[in-house]
Amino acid sequence: MQNINCPQCHQEIEINLTACPHCKAAQGLESLCGVDPDIRIKNQRLTVWFSILFGGLGIHKFYLGQHLKGSLYLVFSWTLVPFIVGWVDAVRTFKMSAFSFEQRYSRRVS
């Protein structure tokens, strides 16, 4: 098996690895593109559509990684209150700047 040196920690690793097992730095094209592969970026437009169409079921909260809030929306969906709150969430998300949305909802995956 052919080995290379990690550009970050200079440890010898296998050439077919996508991340260094020592320092977790991306290898290959992932390291050149400037995007951290461990950050999951959410789509603001998709979140707005989920809020409008499925807000009463909390689908937009599950999409954003807020599973407890999504579960509460789902449990109380029979009251129709989550549908109204889902529309309010849609308006708030629509008015939010792209930068604020990304800062608030993009999460690093461990």
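Predicted model: local features only at pLDDT ≥ 70, side-chain atom pairs only at ≥ 80, totals over all residues.

Residues are numbered from 1 along each chain as its sequence is written, and side-chain values use heavy atoms, with hydrogens and water left out.

**Entry 1, the chain.** I found 6 helices and 4 strands in the protein chain; helices (H or I, at least four residues) and strands (E, at least two) are DSSP runs, numbered from the N terminus. The order from the N terminus is β-β-α-β-α-α-α-α-α-β. Of the 110 residues, 26% are buried.

I took α5 next, residues 81-95. Its 15 residues reach 22 Å from first C-alpha to last, close to the 21 Å expected at 1.5 Å a residue; the expected span is 1.5 Å times one less than the number of residues. Which residues of α5 are buried? I listed Pro82, Gly86, Asp89, Ala90 and Thr93. They lie on the same side of α5 because they cover an arc of only 105 degrees around the axis, taken from the directions from the helix axis to the C-beta atoms. The face turned away from the buried side carries the exposed residues Ile84, Trp87, Arg92 and Lys95. Among the elements covering the buried residues I noted α2 (44-54), α3 (59-63), α4 (67-75) and α6 (98-105).

**Entry 3, aromatic rings.** I searched the whole structure and got 3 aromatic pairs. Rings of Phe, Tyr and Trp (its six-membered ring) pair if their centres lie within 6.5 Å; planes under 30 degrees apart count as stacked, over 60 as edge-to-face and the rest as tilted. Phe50 and Tyr63 are edge-to-face, at 5.4 Å centre to centre and 75 degrees between the planes. This pair joins helix α2 to helix α3, 13 residues apart. Phe101 and Tyr105 are tilted, at 5.0 Å and 55 degrees. Both lie in helix α6, 4 residues apart, about one turn of the helix. Phe101 counts as buried because its relative accessibility is 3%; Tyr105 is buried too, at 5%. I also logged one aromatic cluster of Phe50, Phe54 and Tyr63.

Terms used:
Buried < 20%, exposed > 50% of the residue type's maximum accessible area, 1.4 Å probe, protein only. Contact = heavy atoms within 4.5 Å.
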